[in-house]
Amino acid sequence: MARFIDLAFSAILQAGLYATMAYGLGLIYGVLRVVNLAHGGVIMAGAYLGWVLFERWGIDPYLSIPIVLVASFVGGAAMYRLLVRHLPRGAAGGPASLLLLFGVWLVLRYAGYRLFTGDDRTIRTTYSTDAVSLFGSFLAVNRLAVLGIAVLVPVGLHLLLRRTYLGAAIRAVAQNPASCTIVGIDVERIYTITFGLGTALAGLAGLLAATIFSFNPGFGSGELLKSFVVVVLGGLGSIFGMALAALILAVVETFAILVLPSYLTAAVGFVMLVLVLVLRPGGLFGQRVLG
Amino acid sequence: MIGRVPRRGVAAYAGVVALVAAVPVVFPVSPYTHNLLTFAFLMIAGSLAWNWMGGFVGQVSFGHATMFGIGGFVAARLILSGALPAPLAWIAAGLVAGVVALGAHPMLRLRGPYFSIATIGVGEASRVIFTYWEGFTGGSSGLSLPIDPILKYQLYWWGLGLAGLVGGASWLLRRSTLGLQLLAIKADVEAAADVGVSATFYQDLIFCLSGAVVGLTGGLYASYFAYIEPSDLFGFDRSIGFVLMAVIGGLGTVFGPILGAVVFVLLRQNLLASYPELYLGLYGGLLIVIILFEPLGLTGLGLRLARRVRRAREGRRS
């Protein structure tokens with residue numbers, strides 16, 4: 001029973017991280033219908049930005065959240081204006097955008113190696129190893145903080161999308177970009193902002209992951225794949241669907257330890273990804289556009 | 001239906017292959033160059049076969065390493081057990097990989113990015129599973145094959161033969177009715193179905209053939225390297241390699257993957273030792289530039305240059 005509670009807690013905490021990683025990918029896909037393969041690279045970049053801020057200027061990783069958000073937003077908006085905007089859209093644009101953003105990822109990884117070498121880095125604060133005890137399980141403080149942020153982000157996104165003019169415009173563009181131009185919404189501007197927002201969320205995920213794991217420039221590929229699982233499972237663009245999907249993924253992965261040899265649990269997420277795509281391409285909860 | 005095949009084209013192609021085959025006999029090349037060329041032939045065969053699916057059908061697979069790895073380990077196991085001589089073991093490896101590729105059937109309903117993401121999932125899952133399956137792959141310590149210097153020397157011609165056949169097959173495929181049907185599927189699945197081109201059937205067929213050739217290549221690679229391990233053969237970098245070669249050379253063209261594979265092997269060989277990470281930046285940059293400015297890659301660039309030269313020459317004449 002104690003083991004069960006341990007596993008349950010660790011699944012919930014893991015779900016927080018998965019959800020944070022996936023929101024950015026899901027937002028960009030939901031609005032632009034572009035699969036951002038550079039997502040893993042941005043996660044890596046966010047981790048390193050947090051590391052630099054901490055090591056050079058001693059800024060606590062949680063205080064550097066706004067800096068990382070703004071920097072990633074600018075980077076993402078630039079990526080859209082300079083690169084993604086020029087791609088053909090529609091059926092012909094599918095592989096092109098995938099390959100282009102994959103190229104961006106490779107370049108980011110190269111930049112990572114050039115700037116920071118391939119050594120593993122960690123962000124080690126005074127409270128990195130602190131834990132609180134709950135029902136006999138020990139929960140790392142950092143993981144709890146990540147979970148808290150993972151809950152706040154979708155609430156914030158929901159408010160942004162439902163309560164503001166910008167959010168209404170983003171949802172309108174997601175549904176029908178052509179009609180938006182008729183009512184005076186600058187579609188390109190919305191795309192730029194959305195791409196920036198999605199990238200900012202990926203950067204945030206990287207920063208949060210960096211408080212928990214060590215990382216190197218190759219960091220982010222596993223995170224990208226987990227994000228795919230969550231986005232696809234959650235129904236491509238539905239924010240609360242993604243949060244729920246992150247929980248499902250984390251629970252299945254964590255409890256797989258009980259029935260599978262521990263080495264094979266790494267394959268669970270990938271197998272889920274393929275099964276969900278093949279069996280329920282619209283996601284487990286049906287397809288919704290940015291609810 | 002293939003239509004009329006120009007005799008001169010076939011003769012010229014056979015001539016080029018024969019010339020390349022004669023190179024080690026006529027010019028004594030160093031073992032290093034000999035091996036590098038062998039490796040290039042294997043990569044040419046692999047990227048040409050990847051291009052059938054990624055270029056002709058337009059389904060970009062990030063998971064071809066699965067078939068490459070299965071081919072490699074099936075061949076290695078058959079050679080190690082002494083059941084079959086190497087060439088037959090390679091063919092068996094190709095057949096097994098082709099059958100495994102048929103298992104992708106349910107995934108082939110997915111189009112575009114969905115398909116690509118699913119292939120990433122399959123590739124990564126198979127890497128984990130096959131690394132765990134020690135009885136077959138030897139786990140993370142891999143398998144060593146007996147080192148056979150004569151076979152390794154002969155692999156030059158086996159590799160060239162394979163690359164030559166696959167190149168010829170690509171050319172015929174492009175010219176044939178089947179090639180046109182694949183183009184129709186690439187352009188619009190529903191419209192293709194309306195004129196009686198079954199996307200399901202042709203995608204299964206091409207994925208199976210492509211997988212078989214990549215498996216065969218994996219089998220030759222096992223003999224070439226004499227030591228194989230699952231994290232390399234099933235690795236994401238392998239899958240990406242096929243994508244990069246075909247895209248850099250010219251996605252969906254016949255000649256592109258050949259050019260791309262040669263560039264890929266040369267760059268990798270010359271850069272890996274002195275600048276281990278530069279290839280990431282280089283390939284990434286190339287990918288971005290190619291997608292934005294020249295979707296037909298180096299082949300497109302070559303055609304553009306040729307057109308400019310011709311125009312300049314005509315201008316001078318008039």
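Is B:Pro31 buried or exposed? I looked this up before anything else. B:Pro31 counts as exposed, because its relative accessibility is 63% and the cut-off for exposed is over 50%. I found B:Pro31 in helix α2 of chain B, which covers residues 31-57.

**Confidence**

I noted that this is a predicted model. For chain B the average pLDDT is 89. I also wrote down that 98% of the residues of chain B score at least 70. For the complex, the predictor gives an ipTM of 0.84 and a pTM of 0.89.

**Where chain B meets chain A**

I turned to the contact between the chains. Chain B puts 37 residues into it, and chain A puts in 37 residues as well. Between them the chains bury about 3300 Å², and 86% of this is on carbon and sulfur atoms. On the side of chain B, the residues that lose the most area to chain A are B:Tyr114, B:Ile117 and B:Leu280. Together these three make up 18% of what that side buries.

Next I looked for charged and polar pairs across the interface. The search for salt bridges between chain B and chain A gave 0. For polar contacts it gave 2 residue pairs, both at pLDDT 80 or more.

Which helices of chain B each supply at least two residues to the side that touches chain A? I listed α5 (112-132), α12 (236-250) and α14 (278-293). Of the elements on this side, α5(B) gives the most, with 14 residues. I then sorted the side of chain B by class and got 27 nonpolar, 7 polar and 3 charged residues.

**Salt bridges**

How many salt bridges does a search of the whole structure find over all chains? The count is 4.

I checked how accessible each partner is. A:Glu253 is buried because its relative accessible area is 11%, under the 20% cut-off. A:Lys226, at 17%, also counts as buried.

Another is in chain B, between the side chains of B:Arg238 and B:Asp232, at 3.0 Å, N to O. B:Arg238 is buried, with a relative accessible area of 16%. B:Asp232 counts as partly exposed, at 25% relative accessibility.

I also looked at B:Glu294 and B:Arg304, whose side chains form a salt bridge at 2.7 Å, N to O. B:Glu294 lies in the loop between α14 and α15 (297-317) of chain B, while B:Arg304 is in helix α15, so the pair ties together parts that are 10 residues apart in sequence. B:Glu294 counts as buried, at 11% relative accessibility. B:Arg304 is partly exposed, with a relative accessible area of 40%.

**A:Thr20**

I then picked a threonine in chain A. A:Thr20 is in helix α1, residues 2-32. A:Thr20 counts as buried because its relative accessibility is 1%, and buried means under 20%. What does A:Thr20 touch, not counting residues up to four places away in sequence? I wrote down A:Val146, A:Ala150, A:Leu201, A:Leu204, A:Ala205 and A:Leu208. A polar atom of the A:Thr20 side chain also lies 2.6 Å from the backbone oxygen of A:Gly16.

**A:Ile182**

My last entry is on an isoleucine. A:Ile182 is in helix α7 of chain A, residues 177-182. I looked up its accessibility: A:Ile182 counts as exposed, at 71%. I finished with a distance to A:Tyr127. The C-alpha atoms of A:Ile182 and A:Tyr127 are separated by 53 Å, and the two residues are 55 residues apart along the chain.

Technical notes: Residues numbered from 1 in each chain as written. Chains lettered and ligands numbered in written order. Heavy atoms only, no water. Contact = heavy atoms within 4.5 Å. Buried area = accessible area lost by both parts, 1.4 Å probe. Polar contact = N/O pair within 3.5 Å; in protein donor to acceptor, adjacent residues only side chain to side chain. Helix = DSSP H or I, 4+ residues; strand = E, 2+ residues; numbered from the N terminus. Nonpolar A, V, L, I, M, F, W, Y, C, P; charged D, E, K, R; others polar. Buried < 20%, exposed > 50% of the residue type's maximum accessible area, 1.4 Å probe, protein only. pLDDT = per-residue confidence, 0-100.
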